Structure formats: structure tokens, C-alpha cells
Amino acid sequence: VTKERSADEVAAATLACLPRMTAARLRAVLARFEGPVGALRAIGSGCLEDEVCETSAATRRMWQAHAAAGTARRRIDERGTQVWIEGAADYPIVDAVPDLAPVLLGEGRRPEAFEAPRVAIVGTRAATPHGLADARELGGFLAAEQITVVSGLAIGIDGAAHEGALDAGGLVVGVVATGLDITYPRRHTVLYERVRANGVIVSEQAFGVGPRPGLFPVRNRIIAALADVVVVVEATMRGGARITAQYALEYGRPVLAVPGSRRNPSAAGTNALIADGAHPLVDWSDVVLAMGMTPARTRSTPDRRATPSAGGRALLDALGGESANPDQLASRTGRTPEQIAIVIVELERAGWIERAQGAVWPR
Amino acid sequence: VLASVISATLLGVDGQVVTVEVHIASGLPGYHVVGLPDTAVRESRERVRAAVQSSQLKWPPTRITVNLAPSAIRKAGAGLDLAVGVGVLLASDELPPDVLDGVAVLGELGLDGTVRHVPGTLALVDAVSRAGCSTVIVPPADAAEAALVPGVTVRVARDLAELRACLKGESAWPDPPAEPCDEHPDEPFDEPLDLGEVRGLTWARRALEAAAAGGHHLLLAGPPGVGKTMLARRLATIMPSLTDVEALDVTRVHSAAGRASAGLVRRPPFRSPHHTASVAALVGGGSGRPNPGEVTLAHHGILFLDELGEFPPRALDALRQPLEERAVWIARQPITLCFPADFVLVACTNPCPCGLGPPACVCGEAARARYRRRLSAPLLDRFDLRLSVGPPEPADQAGESSTSVRRRVDAAVARQRARLSGTPWRRNAHVPAGALERLLPLSAEATDALRGETEARLLTGRGAARIRRVARTLADLDDATEISTGHVVLAALLREDVP
């Protein structure tokens, strides 16, 4: 379903796939030769001056060979890769954002995901069951609002957000830090396929680039730039999600953060964002309001769970909204393990709690 | 000029009767041992000769051939020395030919003729007694242990010269040394432990109780410092005392493993090997003569593996057979040895690499998954009881004392003994799936609860069977005839997916 590729797009993809190419170099080269076609021709004929983007002679020779070989063209033809060039009409980021990727590569069967309003959901990989549930729920909510969910396809919050949106039939954009032909993490293979089928996977990296620690924060700026609003669900103090939030603030995107318990280290980052002025996200429809839209749906649907028994209520009270292990529940309620076991099973079946990581979590 | 003396050698933890034949023939003076002796047995020549000469007895200046029958089995250790020495005296007519009819001889000889301790006396005496010997001659140190075998007259040999005099009837047999005490003094810990010192941890305590009563393997997961190890070590204090048969079994194994003991081991052994232990150290084996491993030393007791995830995967997977069969078979040409290994496995592990567990854990999902993979699913499946232990609450009170818990455990064990009498099983945990319906019946209500749990947790038939056994133990601890819904549900919750 890809449209006819222009010479500019082929040249841009070839440039983006050159080894040791970075966003800054690409920008400089494009500026010097006024467009991808000219830039590629200059590199191919060895006319690239070393002061344009501070390359060594060896790199320029390598670039020259690659430009002549035309591997990137064959690659994108085979894979049906789409190419977006900054400034072109279909480039998904319309406002001026500093140091953005001049060329984005994307693969997926639903590129119209870019035509809807977009919200990024980001967070930690070490998510708690509560965080995962929030991400999944929010993804589903946004999908129902016809909003595209943008995230990073990582373990934890990212994956849960994608899954929530996909399960609700929504469109998603996954921004990855590797080449488009690499699946990382591998256990998200199925999720990658689902994102390709119901949205787009986007990268600025060349094919074959594997996961490198330095590329993830760089990728996060694209997530922030692609989104109209950034929601941080759970973030540790020093995680990539806070970097994304930082970029979002620089780019003038509203940042919302889901508040968490101060005892939860996976929520320390979101709480810090709130303390710094991010909007605390308590009701999902606030995301829609933050985009300047009116939520289509009214507030949350009525709770259809069976009313818990007296013992069940006592146990929920003992949990106090946070996770606790059975030993702690026994101490707090003063009941025997058998009595608590029966109540736990009752509440679990009714959907009031879930058990994970050896603890009981209220839902 | 031919004499034969009954003795025995250790084969694993069992005794093997050995007939020591001594032949004295004219020829150049010499001494030959045939019949697969190991180095210690071959060296007996020097010890026996020196002992005979030190005892002012005549060493026959002729050709001496010693045969150890059955000759296909490798003999180990110096425990045959005394039998060889007595055989030489018999063959050289220093002793009347019939004094050793129905008598077995055990002991190592010193160069001065004194008779020394042999490991595994209990197993050895047991073997010769089964072979028809009514009297055994043993070193003084082993007299008490030998006396544990019923129907055997124990004679003490302090040194070779005295033994010869006694055998000839020239002097009376010496009295065995006074026994220190019947109770085995080998307490596993320096300080007395008590469950009363543990605050909170109600569920974990219940699991511990079930492990002690029903013989269920227990896995505790939790952050460091919450009391996993503290709790596990106190399992020994609530284990029921060994029955007479069990006590003999345990004493036999420990004696064969060379652990000094005087009298019967009455309390269940507690073994806690370090996680650097090799496969052979854990399950037994080793080069040359196979030795019993930690699983065998924990027979009828507790095997405690702290930091389970730190053990090499090979060692852990080697545990699977003993856990299932309650015995270890070690094949060595030309025989296969069976070491008993009926123990309760108690293991502790951290929930993740950082050890903190939820909600404080900062490990990534990938790191957690990698950590989990260290414990194979088949191994985890063999734990009937698996639970996470969390930090105590500020208001937690000191718990029930070991004495009071032990009373309940003893009662539960008595109930199981009555239920399982006439079957080969001793504990609820041992009852195989095929016999569950007959031995551990469920009421209609409890069946419903079990079916509900099975469906809700997508359990396999094996998982459901394990829950059923634990539920029966919980009911036994409550002194209940019927398994209630609460027992089933608690049993299911005590089998979490940890770590």
C-alpha cells in the first residue's frame, strides 16, 4: 500500500542508513546540499567537505561506497519502508522542534495513525502490577477516544500501553531505538507484529542497528515530539521516562503524570514530575482535556463488581489501596490464614484484588 | 592351615558381609591380599604384622594368602584388619579352630595391637547379624552402636593379645565402656532456637508447620532480613522425634558416613550445605567409593538450602530424582548403590536480583525473568508449599513457642500414621496420585473448592494433587476429620508462583 517513492525519499533513506550517520550530521549535510538528492550525489562523488559535519576521510570514503552500492534502496523496496523527510507535507511533526530527526523511517500497515491526535504513554520497565494496569487501561481509553497511542515498545509500561490500545482496537505508533529490522526486546515479537498491523513502527536508525544504551534516550525525543501530550504512568527517579518528559517540556507538550504511593520506587519519578509542576492525572479524561478536546465518553463506567462481604471489606481496608503480602494482612486483620485465604479468593474472583509477585494488589 | 573369619565392609551406607580366608602354606615368607582390596586394605599387611608382633605372638614365617570373598566387590577401609589378624592366628593354630563359629569380627588394628573404631558399625553389625552371626566382636568405641542391633551379643576387643586370651577362655571378656547417654547429643545449633522468637509471619509459620507435619517441601521467597532463614532453621525445633525404625535408619547412615556418634540419633538431622556444594556433595557419589551426599545425611530430617538460586543449576536438577523417589541410586560397576534420601527440603530464595521484592524492587522485568530462570520449573513444581515472606508489621507480637507448635505437629503425625498404616507411605506428602481418592478423600464442598482453584489458576492435575495433600495436612493440624474449604483454599494460596 506504499505510494510511489520520490527520488528525495530514496535518497533520504540512503543517507539515513549510512554508517555513523547521526541526526546532526544528516541535518548538516541536507542543509549544505539543499536536499537529499543533492546531498547523496555529493557524497557519492566524493565532494563532501570535511567541515560540513566533521567527518574523517575514512568515514567519507565509507559513505561514498555505500552511496554507490544502493543497498538502502533495495532494503526499503523489499520491506515497504516509508520515508518521511522533515519539511515534507506528510512529515508527522508539524511544529518546529529543535534537533529533530531530519529523516524518519517507518513500517506498518496503518500510517493513518499519524492523522489522529497522538498521546505518548511512557514509563518504567520495572513496573508494578498497578502501573501495568494503569497503562493498559489508559491505552484502551485513548483508543476508544480515537486517539493514537505513541510509545516505545519496551518491557513494562510501554508494552502495556500498546497492548491496551491494540486490545481496544486503536491505532498505535511504536518508536524504537534500533533499526526497523531488529526486534528488541525479543519477547515482544508478537507485539511488534500487532503494532505493524495496526499502526506504524518508527525509527531514525539504520537497518541492522542493534540495541545500544545510548540510543534509547535519543529515541525518547522522537516520542516526545510525535505526541501532542505525554503521559508518564510509572517512572523511577533515574529512568528514560523522565528524559522523555524533559523533552516534552522543551518541545512545549503538556506532561501529565499518574501519581503513586511515596512507598513505590517505581512511582518516585512520576511524583517528582508532579512536584515539578506536571499535571497529576487522576481521571483519564483529563488527557483529552489537556489536548484541548472534549472527551467523547462520560466519566468511568459504573462498577459492576459484586459488593464484597464484611470480611472482604475488612481486607480491602487492611490493604489501604496498596499492595501487601498475606503475612501483613494476617497481622493487620488478626484473622487466621484459613479465614484470609477464603476472603482473598472471594475478592479475587469478584475482581477486587489480584495476586502478583507474592503480594495482594487492590484493583 | 586354612581359616575363615566373618567380617563386613561398607557398600554405600549398607554393610556387605565379607569372609576373610587366610591360608598359610609352606613357601617363601610373603603376604598377599586378593579379592579387590583398596589401598587401606592392602596396607593392612603392615598393620596386622606389627600388631601380631607387638602382642608377643608369632608371625608365621611362611607364605600367607588372604582372600576377601565375595571377590568381585571392592573392599574399602581398615575395618577388616582385626578379622585378618584373627584369621592369621587361627590359621597358625594360635587359636582353637572352632572359637569363631557364628562370630563376626570388626575393627581396625593399631601397630601396638589396639583395636580401633570402624565407621558404619551399625550397618556392618546389621549385615553380619542377617548373615547368621549371633555374636560380634567390635572395638570398644563402637560397642554402644553395635548393641543397637537386636539379638546380637556384643563382645569388646580392646587389643589383639587380650582378644586372643578371651577367645581361648583364658580371661573374661571386658565390659563395654559406659555409654554416655542414649540421646544423641549432636544438637544442630550452638544456641537453642525457638519459634517463639519469630514475630508475625503468620502464613509462613503455618507453612512451616505443614512442612514439619506432612513432609511437604517448602520454598520461602522474600527480601533479605525478613526472617526466611530464621524461620527455616527453626523447622528443626518443631519436627516430630524419630520413631525407633527411623532412628536406626538415621544412625546407620550417619555412622556409615563417618560422623562420630554415640548411641541412637533421636532428633531429625538438619543439614544446610553451602551453595558452592558440588553435585556429588549434594546427592552423593564421587570418585572411587561412592559416598552419601547431603540428601542422604538429611534422611528423615531436613535439607535446608539457603539462597537456592545461587546453587549451580546442575546440582539443583540432580535433586529432582531424590525429591521424587526419596532415594538416590548411584551406579558403579558392577553394582548400583541405593542411598536413602527421604527428607523435607526447605529452601530460601530472594525474589529478584536486588532482593527487595515488591513494592520496593527496582529490577527490570528482564532481570527478574533471568533470575527466575535459574530455578527450573520441574524443581519449583516439587515444592508443595511456596510463598513470599514480607517484612513484619510494627505491631506484630512474638508468636507461638516451638513446644506448643510441636504438640500440634505430633498430633498431626499420629493422625497420618493411623491413616497411612498398612501403606508404604508415612506422610501425606508421600501419597501418590493414584491413592489420593482412597486415602485423602474430599467432601463435596472441598471438591468444589479444589475444582474452583484448579480452574481459576489453570492448575495441572499434579498441581491439584499437591494442593490436596497440603490441605489434608492443614486439616490434620486442625485435628479435623474432614478437609474443609478453608484448608483447600489456604493450601492453594500457600502454593504461589514464586519467586
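Residues are numbered from 1 along each chain as its sequence is written, while chains are lettered from A and ligands numbered from 1 in the order in which they are written. Since the model is predicted, local features need pLDDT of at least 70 and side-chain atom pairs count only at pLDDT 80 or more, whereas totals for chains, interfaces and linings use all residues, and side-chain values use heavy atoms, with hydrogens and water left out.

## The two chains

Chain A has 16 helices and eleven strands, and chain B has 21 helices and 16 strands; here helices (H or I, at least four residues) and strands (E, at least two) are DSSP runs, numbered from the N terminus. The table sets out further values for each chain, where buried means under 20% relative accessible area (1.4 Å probe, protein chains only) and contact means heavy atoms within 4.5 Å.

## A helix and a strand residue in chain A

Helix α8 of chain A, residues 157-167, is largely enclosed by the rest of the structure, because nine of its eleven residues are buried. Those buried residues are Ile157(A), Asp158(A), Gly159(A), Ala160(A), Ala161(A), His162(A), Gly164(A), Ala165(A) and Leu166(A), and what covers them includes β3 (118-122), α7 (129-144), β4 (148-151), β5 (172-175) and α9 (189-197) of chain A. Just after α8(A), Gly169(A) takes a positive phi of about 80°.

Strand β4 of chain A holds Val150(A), which is buried, with a relative accessible area of 0%. Leaving aside residues up to four places away in sequence, Val150(A) touches Arg118(A), Val119(A), Ala120(A), Ile121(A), Val173(A), Val175(A), Ile223(A) and Leu226(A). By contrast, Arg332(A) lies 182 residues from Val150(A) along the chain, and the C-alpha atoms of the two are separated by 42 Å.

## A helix in chain B

Helix α10 of chain B, residues 244-256, has 13 residues that should span 18 Å at 1.5 Å a residue, and its end C-alpha atoms are 18 Å apart, which agrees; the expected span is 1.5 Å times one less than the number of residues. Among the buried residues of α10(B) are Glu246(B), Val250(B), Arg252(B) and His254(B). The buried residues of this helix pack against β1 (2-11), β2 (14-25), α4 (121-130), α5 (143-146), α12 (294-297) and β14 (335-340) of chain B. Just after α10(B), Gly258(B) takes a positive phi of about 80°.

## Nonpolar cores

A nonpolar core is a set of buried Ala, Val, Leu, Ile, Met, Phe, Trp, Tyr and Cys residues joined through side-chain atoms within 4.5 Å. The largest such core has 68 residues, of which Ile344(A), Trp203(B), Leu218(B) and Leu235(B) touch the most other members. Its largest share, eight residues, comes from helix α7 (residues 202-214) of chain B. Apart from this core lies another, of 65 residues, among them Cys17(A), Val29(A), Tyr192(A) and Val233(A).

Not counting residues up to four places away in sequence, Trp203(B) touches residues of chain A including Pro326(A), Asp327(A), Ile340(A) and Ile344(A), and residues of chain B including Leu387(B) and Leu490(B).

## Pockets and cavities

On a 1 Å grid over the protein atoms alone, a cavity is a set of points where a 1.4 Å probe fits but cannot get out, and a pocket is an open set with protein on both sides within 12 Å along at least five of seven lines; lining residues have an atom within 4 Å of a point. Grid points are joined across faces, edges and corners, and a volume is the space filled by probe spheres set on the points.

The second largest pocket contains about 940 Å³ of space. Its lining has 40 residues, of which Arg125(A), Ala154(A), Ile155(A), Tyr184(A) and Phe216(A) lie nearest its centre. The elements that give two or more residues to this lining are α10 (215-226) and α11 (240-250) of chain A together with α15 (365-373) of chain B, and α15(B) gives the most, with six residues. By class, the lining of this pocket has 21 nonpolar, ten polar and nine charged residues, where Ala, Val, Leu, Ile, Met, Phe, Trp, Tyr, Cys and Pro count as nonpolar, Asp, Glu, Lys and Arg as charged, and the others, Gly among them, as polar.

A search of the whole structure finds five cavities of 30 Å³ or more, and the largest cavity holds about 160 Å³ of space. The largest cavity is lined by 18 residues, with Met239(B), His300(B), Val344(B), Arg426(B) and Arg427(B) nearest its centre.

Methods: Buried < 20%, exposed > 50% of the residue type's maximum accessible area, 1.4 Å probe, protein only.
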